[in-house]
Structure formats: structure tokens, C-alpha cells
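Please keep the picture open while going through them.

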2 protein chains.
Amino acid sequence: MTIAPASVLGEHELALRERARQVIPGGMYGHMSVQAFSSAHPQFMASGDGCRVTDTDGRTYLDLMCGWGPVVLGHRHPGVTAAILDQLERGDCLDGTSPVAVEFAELLVDTIPSADWAMFCKNGSDATTTCVTIARAATGKRKLLVAHGAYHGAVPWCSLRGSGVTAEDQAHLVRYEYNDLASAEAAAAEAGDDLAAIVVCPMRHDIKRDQELVDPAFARGLRALADRTGAVLVLDDVRCGFRLDLGGSWEPLGVRPDLSAWSKAIANGQALGAVTGIEALRDAVRSVYVTGSFWTAAVPLAAGLATLTELRKGVALPDMARTGARLREGLAAQAAAHGFEIRQTGPVQMPMLSFAGDEDFRLVTAWAEAAVERGVYLHPWHNWFLSAAHTDADIDAILARTDEAFAAVQG
Amino acid sequence: MTIAPASVLGEHELALRERARQVIPGGMYGHMSVQAFSSAHPQFMASGDGCRVTDTDGRTYLDLMCGWGPVVLGHRHPGVTAAILDQLERGDCLDGTSPVAVEFAELLVDTIPSADWAMFCKNGSDATTTCVTIARAATGKRKLLVAHGAYHGAVPWCSLRGSGVTAEDQAHLVRYEYNDLASAEAAAAEAGDDLAAIVVCPMRHDIKRDQELVDPAFARGLRALADRTGAVLVLDDVRCGFRLDLGGSWEPLGVRPDLSAWSKAIANGQALGAVTGIEALRDAVRSVYVTGSFWTAAVPLAAGLATLTELRKGVALPDMARTGARLREGLAAQAAAHGFEIRQTGPVQMPMLSFAGDEDFRLVTAWAEAAVERGVYLHPWHNWFLSAAHTDADIDAILARTDEAFAAVQG
């Protein structure tokens, strides 16, 4: 491989990394810690505009991560920014809830067929945790069916990393294999009469693994299993929500969850999560106590209202489907031309690319680093995200650079 | 009692309540659900400015809740707003961390003597949960000493409400009595060689209970107990932080925690939390996986940087101590003049008032409702918060109204 060395990192980036190392353990933590995936990606970003982000050394990248999902309309979308500024003029964290909470709840209920009500929080894990708390309150039962390897947040009850987590935190998880209905049925049998909820993502998007679309029969089977056992069907739509189908990511299949967890794209980057659910669970919601200091802060809710209003115009999602398809076709042609066998998995709006036989991710990492060095920000083993700000011309500009990246790793 | 009936709620408020009931279970949830504490407080707030909030019917209140804590400099503080607008011009939720994360971490480390590093999150419960995860990772042990009745968040491991929470979620909590060192020693003995952390608030601020300042000997005793057992001392400074002492709420006692959880006032109302800790725990932080989609979003960090920069000028905290004392003295004189025996507890910057013998909170609720009907927003059985926006004149305006409230409930 002949890609440029990681010494291409700029001086501001290097200086910030050194400062960060002093005051933030490891220089950064969590999913944004670039040490976990790259020696070429900048750790720091100075600004964003539409489908472009600019690092602290002034280098601009075509953005295929979109803030790792939240930015669905593009960075600094004018309509969302106007809503933020307007609400800031009035207030944010007030003593009572802002009317915008009601307006946004009404719009969610109007948009999502399985939603008879909504409530708000800050993180995706707030939303998933609230869902399982409601499910347990509603059923009086404890067991949660969760797919092997599925990410539902980085909090003790669902963390995929053991450090600092006790066995008791996850004592009531029963694991099944995604898209394997028999395994879910077996897990439900193991839970017996103590089954509270079946928790599932709209597709399999586990880290460091090709994505896998849901088998419609599996989705329908889980719905039937929940109905048969009295379990609550919880759809974790945190990552996919508001990008694939505004009514919920399983709406095209006709499979409706009892509870849905939302976050990421819900407010185009402002900190917000939501739980929506069916009428029958309203009393259970009233019985639980979940809250947070900023859960009904007005500015993120105003951003959410503006984001969903824009998405409902019906342009953004078809646009992402079209540009996503264009990107996928272009990458496929490039890989073939360069003699690589690649896999592109998941929905086109949430692309993921892997190389055949690249079990240790060395090739895809080198390719991703080559792409970022050429001005396309993407990830080697986490899915990417498109936004409505990506035009066909942007996709073509991305493809011009990825073509060079394929050439660079051809060796 | 002769206070005005709750029918004083305005038409916009009543209409919003009806709409909310349709789309939000119970009309609202969590600490902001006014049904839990009042028939006179508005559920909805339209705007805030300095130490005033205005409801949806245009009624303005002198604000003694400050967004339930976050608003330490006053609503829409010009310096914080300028920082928000400046960062919004560049970007918020980017693919990498903004440099402002490093700047703010540096300022926290410079401000807080027990902080050798910092990391950021969104909720207070993110911060407390991260602290216990780090403590368990560092020690390889599981038990957490937690005070009876102490609030550390509304997530399963520390929730004070049973609905939807399993016994296993709290299997490793060992309870002690606040300010009773012998009970903490006994709890540590019960935890034996499995003790990971001692979790404690800077003062006792349990709901529906007079506040109780920490006994300095208790604080020093917990520090010694942690040192003796190898447990991590976690100070939950979420509610008190940045209002009593910028170095941490136990800094005046000379008792330094190993880990501190921060949120609420850290960014004057923007959604942000933080964990700070000592050098010895840096490796443990690196071993855990905690993250969230918006944890390093730039706008709340810019607000935090501006807030702490303002607080470090040395004016805001002394101001709150002075206005808090003025309020306490005024309320004491009024109560005596009206023949009431009241208790005022906790630090003056975080006032709480109760009436002697008012076990069912009927009298304090009537008084609080009379106050809100007269234009002072305060809570019957949760502590209040002062901000730096409160002037002596504002306190006097508050006192003019609370005097009427005392008269109203004298009846």
C-alpha cells in the first residue's frame, strides 16, 4: 500500500491532540476517539456547512458521517438555525415546559403511525432505557430479549463492554440472533412468564460487521411473538430514525412497534431524544419516574420541530435515497475497476463498505485513511450517513476522491 | 386559608394543558409535572429574561427556580448567548470534537483542585453513571455506598421509584444515613472487600425534606473511609456545583473527591454534564466505554466555557450569597410577623422553606401557590435556586410578594 503517511495531520490538530491528552483521558473517549480507528482522521473539527466539515487546519472534507448520524439536513441548515435563534430569543431552560414541546409531540404523533404519545429526553440511551423501564412497568415482568452484538447505548444495562459493568446490570437480558426468529422464540421460552420486552433495531448495524437488513418475516415474527407473549415490542430507531421512513423504519414492512426510541437525526444535531408509544402504554408511562434537567429545554425541541417540518416536505428522504444509490453504484464500479471485491451493506442512505477477506480491517482502514487524506470524511468500520445536503454533484466529488483512494491502496 | 383559587390559570395555559394531555402521558412527566406539586403553577413557560420568566398568558414571575438549577447567570445571559451564537455560526454536532472541548476541559482542570482531567456528557445521570462505572473499573469491585433517599438521577441503578426498576439494577447499593459516619462505616463493612465507591452529595437535598448541610467531620470521615478501604470517593455535585464554590462544593471543607459529577449550572441551561477526576483514575477512564451522540457537541461546550469564564470573574457567587442571605432574612422576618414558625435550610443560594408541623405539605403548598399567583415562581418542597441575575431590588420585590403570600395563608 502506498498511501500518504499519517504525518499529514496538521499542526493545529497535533497541538490540540497534545493539549487534549493532558486534560481528557486518552485525548478523547467514546465513539469519537479517532485512535480507535485511524491514524489519519483529524480528532478535531472546527466547523461544518451543508455536507462539508472543516478541520482545525482549514482542510475541508466532504462529510459522509454527518456528525455520526444526527445531521440529516446538513450542517447549519438555515431553517433549523432560524428556529434555534428564534427560540433562543425567548428562552431555553425554563421553569416549565415550553409550548414547543406540545407542538413537537403533536407533530410526532401525526407523523408516526405507532405513536399515540411522545416524551422527550437527551440521549439515545435515555430513550432506550426509558422504553425498557416503561415495558417493565407495564408488564410487571423483567426479562428483555436483546440481539447478540446489538448496540442500544453505552449504559450499564446494555453496554457491550465489560469494564465497570456488573453481571447484575444485565441479569435479565436474554440474547437472540438478529434475523433468526427461532432464536428469538427460544429466548422468549427461556424468559418464560417473566418476559417484559423484545428490543430490536430496524436493521443489524453492529460495530465492525457488515450491516444486515431485516428479514420482513423476522420483523413480523417478532411482532407476533410479542402479541402472543404479552411482551412489549421496542424498536430502537435511534440510529435509523428520520432517515429511512418518517413513520418509523419498519413502517414500510407494516410492522408497528409498541414503543420506539428516537434520537440522533431528530433535531439535526441538537441534543434530543424521544420515546413514542401506543395508547395501551400510557398508564405505564405515568407510573415510572424518568426525567432530566434539560429534557424539555426549548431550543432543541424547536430544532426538532423545524427538522421534522422540513423532512415532512417529502424531499429530503427521496433525495438521500437517490444520492445514496448514486454513491453505492459509483463505489461498486470503482472497486471492480480496481480489482477489489467489496461488500456494500445496509440501506443506501446509511452506507457501509467492507473488503472481502479483510478480516482485520487493515485494507478498509487504509482505504478510509486514503479517502480522508483526499478530503472525504468516512469511517472504516462504522456505517456512514447521508444527509439531504448532499447533491449529485457532491456525490460525484466524493467518488472522484474515493477512486483515488482505491488506487492508493491497490499497492 | 383564603388564597385565590387555581382558576387563575390563564386560557393559554389551560388550552396547552388540554393539548398536552392528548400527546404526552399525564400531560407532562418527571420533575416538571406541576400536577405533582401545585394547582396554581403554570405547566408551560413562554420565555425567560434574567431572573424573570413569563408564562404563555403573558404573566411574568420573579424566578426562584432558575430552570430547576441550570440557570446560574440568569436566563439569556448576554455573554453566554454570544458564545452560543458564535459557535452556531461554525457548527455544533460535527464529525470530530470541537477545540472548545479542550479549552473547557482545561478551564475545569484549572478551576477544580481535584480535577486532573475532564470528560463531557449530557445529563446529570450520565455523569453519576459514568462515575460509578469508572470506580468499578478502577477497583474491580462492585458495591456502591449511597445515602438513603439521595437522588443521583432517574435511571435504573439509582432510581428512587420502583416502577419499571428491577432488584438487580440496585443489587450492589449499600445504604447509609447522610451525616452519620457510623452508618457509612457499617455500610462499608457490609460491602467488605467488594467496595467500589462511596457516592455522596455535597449536602442532603432529598425531595420533600428539609435540606441538611454536611457535617464537616462526616465529609472528612468519608474521605478517610475511602482512603482506608481503597474505595473511590464520588461527589455528586450535579445540583450544587458552580453555585456554592467553583472548586467543588466540598472545597471549603478541604475535602477533595476522587471523582465529581457535574451538570445543571455548568452551561447556564444548555444540555451538558461533566465528570472530573484525579490522575490515578485516568487509566480506568480509558478502560470504560461511555459515549453519546451529542456528548461533545460544540454549542453547549461553548456555553459552558462562557459560563465558567463569567463565574470566575468572582462576582456571581458572592452576589448569590448576598442576595440569598437577604432573601432568607426577609422571609424569616415575614414569617415571624405573621406568626408562622418556619425552617429555612441549606445554603442561602439554594433556599428551602418549610413550615413547622406541616407534615403533609398543605401549608407550604398553599403558600407557594399564593406566591406564584402573586408573581414569584418557587416550589413547595424542592429547593429553590438563586442566580447572579437577582439583584437586591429583585429580592425586595420577591419579598413584597411573599409577604402577601404569608398573609394569604394566615386566614
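1. What is the handedness of the crossing of H2(B) and H8(B)? The crossing of these two helices is right-handed, and it should be kept in mind throughout that the model is a predicted one. Helix H2 of chain B covers residues 78-90 and helix H8 of chain B covers residues 298-311, and their axes come within 8 Å and cross at roughly 150 degrees. Because angles over 145 degrees count as roughly antiparallel, H2(B) and H8(B) are described as roughly antiparallel to each other.

2. The residues behind this packing can be found one helix at a time. On the side of H2(B), the contact involves Gly79(B), Val80(B), Ala83(B), Ile84(B), Gln87(B) and Leu88(B), while H8(B) brings Ala298(B), Val299(B), Ala302(B), Ala303(B), Ala306(B) and Thr307(B) to meet them. Sorted by class, the contact of H2(B) with H8(B) has 9 nonpolar and 3 polar residues, with no charged residues.

3. A second pair to look at in chain B is helix H10 (residues 362-373) and helix H11 (residues 392-410), whose axes come within 8 Å and cross at roughly 135 degrees. That angle makes H10(B) oblique to H11(B), and the crossing of H10(B) and H11(B) is right-handed. From H10(B) the contact draws on Leu363(B), Ala366(B), Trp367(B), Ala370(B) and Ala371(B), and from H11(B) it draws on Thr402(B), Ala405(B), Phe406(B), Ala408(B) and Val409(B). These residues of H10(B) and H11(B) divide into 9 nonpolar and 1 polar, with no charged.

4. In chain A, helix H10 (residues 362-373) and helix H11 (residues 392-408) pack at an angle of about 135 degrees, with their axes 8 Å apart. H10(A) is therefore oblique to H11(A), and H10(A) passes H11(A) in a right-handed crossing. Here the contact is made by Trp367(A), Ala370(A) and Ala371(A) of H10(A), together with Thr402(A), Ala405(A), Phe406(A) and Ala408(A) of H11(A). By class, the contact of H10(A) with H11(A) consists of 6 nonpolar and 1 polar, with no charged.

5. Turning to how the chains meet, the size of an interface is often given as the accessible area lost when the parts come together. Chain A and chain B bury about 8500 Å² between them, and 58% of that area is on carbon and sulfur atoms. Of the area that chain A buries against chain B, Tyr29(A), Asp95(A) and Tyr289(A) supply 10%, which is more than any other three residues. The contact takes 97 residues from chain A and 97 residues from chain B.

6. Charged pairs deserve a separate look, since side chains of opposite charge can pair when their charged atoms come close. Over all chains the count comes to 50 salt bridges, and across the interface of chain A and chain B there are 6 salt bridges. Asp169(B) forms a salt bridge with Arg136(A), and the closest N and O atoms of that pair are 3.9 Å apart.

7. Within chain A, the side chains of Glu18(A) and Arg21(A) meet in a salt bridge, at 3.1 Å from N to O. Because Glu18(A) and Arg21(A) are 3 residues apart in helix H1 (residues 11-23) of chain A, they are separated by about one helical turn.

How values were computed: Residues numbered from 1 in each chain as written. Chains lettered and ligands numbered in written order. Predicted model: local features only at pLDDT ≥ 70, side-chain atom pairs only at ≥ 80, totals over all residues. Heavy atoms only, no water. Axes fitted to C-alpha atoms, helices over the stretch in contact; angles between N-to-C directions. Helix = DSSP H or I, 4+ residues; strand = E, 2+ residues; numbered from the N terminus. Parallel < 35°, antiparallel > 145°, perpendicular 65-115°, else oblique. Left-handed = near helix turned anticlockwise from the far one by under 90°. Contact = heavy atoms within 4.5 Å. Nonpolar A, V, L, I, M, F, W, Y, C, P; charged D, E, K, R; others polar. Buried area = accessible area lost by both parts, 1.4 Å probe. Salt bridge = Lys/Arg side-chain N within 4 Å of Asp/Glu carboxyl O.
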